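Student: I have a structure open and would like to talk it through with you. Can we go question by question?

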Amino acid sequence: MLWIGLHLPRLSLESFAAGLPPQAANEPLALLDNHLIVSANAPAQALGVKPGLKRATALALAPQLRLGQADALRDAQALSSVAHAALAFTPMVVQPPADPYGQNRHHVLLEVQASLRYFAGRERLLQRLGEALAPLGHRVRVASAPTAQGAAVLACLAKARQPLHCADLPALHEALAQAPVWLLGPGREHWDALQGMGLRTLSDLRPLPRAGLARRFGPELLDEIDRAFGDKPDPRVPVSLPPLFDSRLELFARADTTEQVLHGAAVLLARLVAWASAQHARVRSFRLLMQHEPRHRQRDGEEPVPDHSTLEIALAEPSCDAAHLLVLLTERLAQVQLAAPSLELRLHCGDIARGAAPNGELFPSAKSEREGLTRLIERLQARLGREQVQRLVLTEDHRPERSCTTQPVDAANPQAAVRRSATLDPDAVSRAVAISAVRPAWLLPHPQALHERQHLPLLDGAPLLILSGPERIESGWWDGDPIARDYFIAQQSDGALVWIFRGRLPLADGPGPGWYLQGRFG
Amino acid sequence: MRGAALEALHPALWRAHQLGRHSERAHSSGFPALDVQLPGRGWPKRALTELLLPHPGVGEIRLLAPSIASTLREGRLVMLFDPPACLSSWALLQLGIDAEQLLVVYTRRPPVQGAAPPGLRGAESHVEAGGDALWALEQSFKSGHVGALLAWLPPRMQPERLRRLQLAVQAHDGPAFMLREAAAADRPSAAPLRLALRSAGVDRLAVHVMKRRGPLLAQAVQLELPPMVSAEVAAEADLARERTAAARPLRQRTFEPRGRRIPSV
């Protein structure tokens, strides 16, 4: 067995900072629990703020200190995203229960013995794991050891970017011997007593009589030492993936602009991608909920502010690329006028496509071009609206107004012929084209009435010269839109050709008798 | 001898009395008479081609139809931005264009009259006019996957915006046609090729080359477009036009060209 222990020393602070505007990252921050500072970031520590101080003391030391409330639920959400990212590497991912003694002890443990060969060794696996965790934005300490508890303890000892590794039990014993006793969960409450007895490291604790230790400090301490050293079996329950993704992020500075919303949404999207990659799936659609600031006082005549607004983003081609998802969200958000400042973001997703993403290609090919087009159309539709990207459809109708129809494009296959699904047969189409009369390329959706002078049509004040016609187009009683017209090809004074008609019968709801412009020969 | 060496230095160099060349083969327009007047013998790729029209319907679709059809035959996409009216699929089929393969993008107004603007676009007021069109064009150029592009630009477009498009179009492997109003002829433009189109009679188009990489062309190129009316009718119409031009007050000959009487209602 080879366990990898991930220790996240700053998880609480980082999950709090995710809801802050981006420029607040370098300001002093601290988390409070029960009016006591439980953690502080580096700028705050430089000002002398450290865990254990009272709130008032900390504010006296650093008046500009930004204080947040520690929130176990928020930390748990961030930690489970780390576990989701790790699930892409092994099914055996363990998230130890919250430590009742230490606020800042966040671990995720992975059993990777069976995955080593697939990922080409421990070094490569750790590198891939680091890449998968990077978008979540947490500082991670890594250690690997043959026992789960040993890996967890060693991960606390590891330095940043320097994974500790113990290949076998003797090496683990040697490494653990130097570990301070307060790293053990049940050791923390007895920390003062242990220190008073001169027991500082695990090597001091181990040779002592077990019965005495158990009586003084409880059996849990012994139990944990045994599991860390591999003297006792250590069964663990792996985390399971929720079938629906739902993550929320409280924004501590109310977001007035879309940039601020996007900054928070980027964190949620990174979590979404971690969740999707854990099941080797790609996201097909997701929903962003923006909880708005309630406005109690309402001015007269003003519409009530909705308590939240929703953005539904559907992808034509499922994607697991956080950058692409963010681009789509950016385009949609750029079009939205936020009703009120947002206080909280929620991201929902339950619509995924399972299976690995198709391979990328080195050289441009027809397939990569199709994929590029899909992304282009998706972006156009995200900003302009789905209805604004259209495709012409061949409609078999003799009436000019009905023969030019369009339909929104399906971004997934921009070049697929609609004809396949419709009943039109290509041979029939070419035959119909061969025999059909001349039609202009430009058709006006509604015929434009023309002035007359001595029964002759005028366009832009100049008379039209009729060249050929009439071509009679008639009827349509079956769908209540009958026409009875004589069409002519006419020439404008500058030489361009136009298609005009004259209504034959005064129909009830159609245009009356007289001359109309129907199209232009482009 | 020295001169020949000078031109060979760089594909962007050419002599003022010669036509410019392009490093890439241009896309043939399908009209040999026009091709010989265009640098690179066809529509340039990776550059804007400006077509100035007095009004839609002078024959621009028939002029561009051969290059659109050949692009579609290569299996590449042709996109149309903001066409001024509905395009008739049957008319396009008659010109050899598989109309269902075209993609039409509307950036300014809803495509269907009376239909509500889709989605959340109702509340916007901060988006400047034409901004969406430019954005969409730039995205399409930069993606590099579009085969050919026709855009009907909003009127009175500022020259710096066109310059920006001309920069973006470098990534676009294919011809890009910007169709603009004829009044834009007086204003400067970054497009390396500018043509003014004018109808020159029935099924004929006069193409005036306003700007190209090469010497000035005083005479407009006369092109025979695919005919919409029979040759006799066209000849008759030309005769009639000449006659009216000679004697203005003469009554326009309009009604029934073939001697048939149309019952007036």
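Student: Let's start with one residue. Is Glu27(A) buried, partly exposed or exposed?
Tutor: Keep in mind that this is a predicted model. Buried would need under 20% relative accessible area and exposed over 50%. Glu27(A) comes out at 29% relative accessibility, so the class is partly exposed.

Student: Which side chain meets Glu27(A) in a salt bridge?
Tutor: Side chains of opposite charge can pair when their charged atoms come close. For Glu27(A) the N to O distance is 3.4 Å, and the cut-off for a salt bridge is 4 Å.

Student: What about Arg227(A) and Asp234(A): are they buried or exposed?
Tutor: Their side chains meet in a salt bridge at 3.1 Å, N to O. They also belong to a network of salt bridges that includes Asp223(A), Lys232(A) and Arg236(A). As for Arg227(A) and Asp234(A) themselves, both are buried.

Student: Which residue of chain A meets Arg383(A) in a salt bridge?
Tutor: Arg383(A) lies in helix H14 (residues 366-384) of chain A, and its partner in helix H13 (residues 322-334) of chain A, so the pair ties together parts that are 52 residues apart in sequence. Arg383(A) is buried, with a relative accessible area of 15%. With an N to O distance of 4.0 Å, the partner is Glu331(A).

Student: And which residue of chain B does Arg383(A) meet in a salt bridge?
Tutor: The structure holds 24 salt bridges over all chains, and the count between chain B and chain A is one. Here the side chains meet at 2.8 Å, N to O. The chain B partner of Arg383(A) is Asp132(B).

Student: What is the area buried between chain B and chain A?
Tutor: The contact involves 74 residues of chain B and 77 residues of chain A. Carbon and sulfur atoms give 60% of the buried area. Trp90(B), Glu100(B) and Trp135(B) supply 13% of what chain B buries against chain A, more than any other three residues. The total is about 6900 Å².

Student: Which element gives the largest share of the side of chain B that touches chain A?
Tutor: Between the two chains, 15 residue pairs are in polar contact. Several elements of chain B each supply at least two residues to that side, among them helix H3 (60-73), helix H4 (89-94) and helix H7 (231-246). The largest share is seven residues, and the element behind it is H5(B).

Student: How many of the residues on that side of chain B are nonpolar?
Tutor: Sort the residues of chain B that touch chain A by type. There are 21 polar and 14 charged ones. The nonpolar group numbers 39.

Student: Which residue stands opposite Leu443(A) in E3(B)?
Tutor: Strand E15 (residues 442-449) of chain A and E3(B) run antiparallel, joined by two bridges. Follow that pairing across from Leu443(A) and you land on Cys86(B).

Student: Back in chain A, how many residues of strand E21 (residues 497-503) are buried?
Tutor: Take the faces in turn. On one side, Leu497(A), Trp499(A), Phe501(A) and Gly503(A) are buried. On the other, Val498(A), Ile500(A) and Arg502(A) are buried too. For E21(A), that makes seven of seven.

Student: Which residue takes a positive phi in the hairpin of E20(A) and E21(A)?
Tutor: Strand E20 (residues 484-491) of chain A is joined to E21(A) by seven bridges, and the two run antiparallel. Ile489(A) stands opposite Trp499(A) there. The hairpin has five residues between the strands, and the one with a phi near 105° is Gly495(A).

Student: Last one: which residue of E22(A) stands opposite Val498(A)?
Tutor: Six bridges join E21(A) to strand E22 (residues 514-520) of chain A, again antiparallel. Opposite Val498(A) you find Arg520(A).

Technical notes: Residues are numbered from 1 along each chain as its sequence is written. Chains are lettered from A and ligands numbered from 1 in the order in which they are written. This is a predicted model: local features need pLDDT of at least 70, side-chain atom pairs count only at pLDDT 80 or more; totals for chains, interfaces and linings use all residues. Side-chain values use heavy atoms; hydrogens and water are left out. Contact means heavy atoms within 4.5 Å. Buried area is the accessible area (1.4 Å probe) that two parts lose on being put together, summed over both. A polar contact is a pair of N or O atoms within 3.5 Å; within protein, one must be able to donate a hydrogen and the other to accept it, and residues adjacent in sequence count only if both atoms are side-chain atoms. Helices (H or I, at least four residues) and strands (E, at least two) are DSSP runs, numbered from the N terminus. Ala, Val, Leu, Ile, Met, Phe, Trp, Tyr, Cys and Pro count as nonpolar, Asp, Glu, Lys and Arg as charged, and the others, Gly among them, as polar. Two strands pair if DSSP finds at least two bridges between them. Buried means under 20% relative accessible area, exposed over 50%, partly exposed in between (1.4 Å probe, protein chains only).
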